[in-house]
Amino acid sequence: MMEAKTPSESMAIMTDLVLPSETNPLNNLFGGELLARMDRAASIAARRHSRRITVTASVNHVAFNKTVPLGSVLTVEAKISRAFRTSMEVYLDVWIEDRFSGERSKANEAIYTFVAVDDTGIPTEVPPIKPETSLEKERFAGALRRKQLSLVLAGKMNPHDATELKALFTD
Ligand SMILES: CC(C)(COP(=O)(O)OP(=O)(O)OC[C@H]1O[C@@H](n2cnc3c(N)ncnc32)[C@H](O)[C@@H]1OP(=O)(O)O)[C@@H](O)C(=O)NCCC(=O)NCCS
């Protein structure tokens, strides 16, 4: 068994401006650009955790709750919320800074799944994760049912076997 690591050991933070080529006709950040930024940050966190090549297996949840205006300073924070055998759930928190006060406000959230692979692309084991903060523990606890939901939606798991997920509806 590999030694467990904490989410903060592999956390990746990317801060960058929103430029005109990255916006839609309303001068707000284009959704695909945000997805790409989150994918990059998540990939770095997954790579730091596993010390392997990592690939995006699925994008499980993205909510575009707030528009991000042109010129914003956007910060994407990626943390591993749970590591399974070869896959890792990565939580993305996206923040924008107020130009005048400098205060951060939450713009978006997303959850991605990455898989560590060897040089030939075969999935390979990753170290376990040891959550520390209460938020890390909460995200860790929900990760198994989200994995099951993602696998069921991808047609890779029989809903019958998704015990954690089913418990949500039957308890
Ligand atoms: C991701 C990939 C390696 C998974 O391969 P696979 O043949 O399904 O391999 P496995 O069945 O052994 O699954 C590997 C892990 O991924 C997880 N997984 C696979 N598909 C998943 C999905 N849709 N959602 C969540 N987890 C998934 C499995 O549960 C397993 O996790 P575990 O080992 O931690 O329990 C493979 O599909 C791949 O290489 N995809 C392309 C990735 C890529 O190029 N991404 C960028 C797209 S542009």
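Which residue takes a positive phi in the hairpin of S4 and S5? Gly-102 does, with a phi near 80°, and this hairpin has six residues between its strands.

Before we go further, some ground rules. This is a predicted model, where local features need pLDDT of at least 70, side-chain atom pairs count only at pLDDT 80 or more, and totals for chains, interfaces and linings use all residues. Residues are numbered from 1 along each chain as its sequence is written.

**The overall picture**

The chain's secondary structure comes to four helices and five strands. Those names come from DSSP runs numbered from the N terminus: helices are H or I with at least four residues, and strands are E with at least two. If you read along the sequence, you get the pattern α-β-α-β-β-β-β-α-α. The radius of gyration is 17 Å, close to the 16 Å that the globule rule gives for 171 residues, so the chain is as compact as a globular protein of that length. (That radius is taken over C-alpha atoms, and the globule rule is 2.2 Å times the number of residues to the power 0.38.) Along its principal axes, the C-alpha trace spans about 50 × 35 × 35 Å.

Of the contacts with a separation of 6 or more, 70% are made by residues 24 or more positions apart. Here two residues are in contact if their C-beta atoms, placed from the backbone, lie within 7 Å. Buried residues make up 30% of the 171 residues. A residue is buried if 20 or more other C-beta atoms lie within 10 Å of its own, exposed if 12 or fewer, and partly exposed in between, again with C-beta atoms placed from the backbone.

**How the strands pair up**

Two strands pair if DSSP finds at least two bridges between them.

| Strand pair | Bridges | Direction |
|---|---|---|
| S3 and S4 | nine | antiparallel |
| S4 and S5 | eleven | antiparallel |
| S2 and S5 | nine | antiparallel |

S3 and S4 form a hairpin with three residues between them. On the way to S5, Asp-93 is bridged to Glu-109, and Glu-97 is bridged to Arg-104. What about S4 itself? Eight of its eleven residues are buried, so S4 is largely enclosed by the rest of the structure. As a bit of background, in a regular strand the side chains alternate between the two faces of the sheet.

**The nonpolar core**

A nonpolar core is a set of buried Ala, Val, Leu, Ile, Met, Phe, Trp, Tyr and Cys residues joined through C-beta atoms within 7 Å. The largest one here has 32 residues, and Ala-42, Val-90 and Leu-92 touch the most other members. Helix H2 (31-50), strand S3 (73-83), strand S4 (87-97), S5 and H3 each supply at least two residues of this core. S5 gives the most, with seven residues. Leaving aside its neighbours within four places in sequence, Ala-42 is in contact with Ala-78, Val-90, Leu-92, Tyr-112 and Phe-114.

**Two residues to look up**

Is Thr-54 buried or exposed? Thr-54 counts as buried because it has 24 C-beta neighbours inside 10 Å. You'll find Thr-54 in strand S2, and its bridge partner in S5 is Ala-116. Beyond neighbours within four places in sequence, the contacts of Thr-54 include Ser-43, Ala-46 and Phe-114. Thr-54 and Ala-42 are twelve residues apart in sequence, and their C-alpha atoms are 9.6 Å apart in space.

Now for Met-11, which sits in the loop between helix H1 (7-10) and strand S1 (12-17). Met-11 is partly exposed, because 16 other C-beta atoms lie within 10 Å. Leaving aside neighbours within four places in sequence, Met-11 is in contact with Ala-45, Glu-77, Ala-78 and Lys-79.

**Around the ligand**

There are 18 residues around the ligand, and Phe-84, Arg-85, Thr-86, Ser-87 and Ser-150 come nearest. A residue counts as near if its C-beta atom, placed from the backbone, lies within 6 Å. Strand S2 (53-63), strand S5 (104-117) and helix H3 (134-153) each supply at least two residues of this shell. S2 gives the most, with four residues. By class, the shell has eight nonpolar, seven polar and three charged residues. For those classes, Ala, Val, Leu, Ile, Met, Phe, Trp, Tyr, Cys and Pro count as nonpolar, Asp, Glu, Lys and Arg as charged, and the others, Gly among them, as polar.
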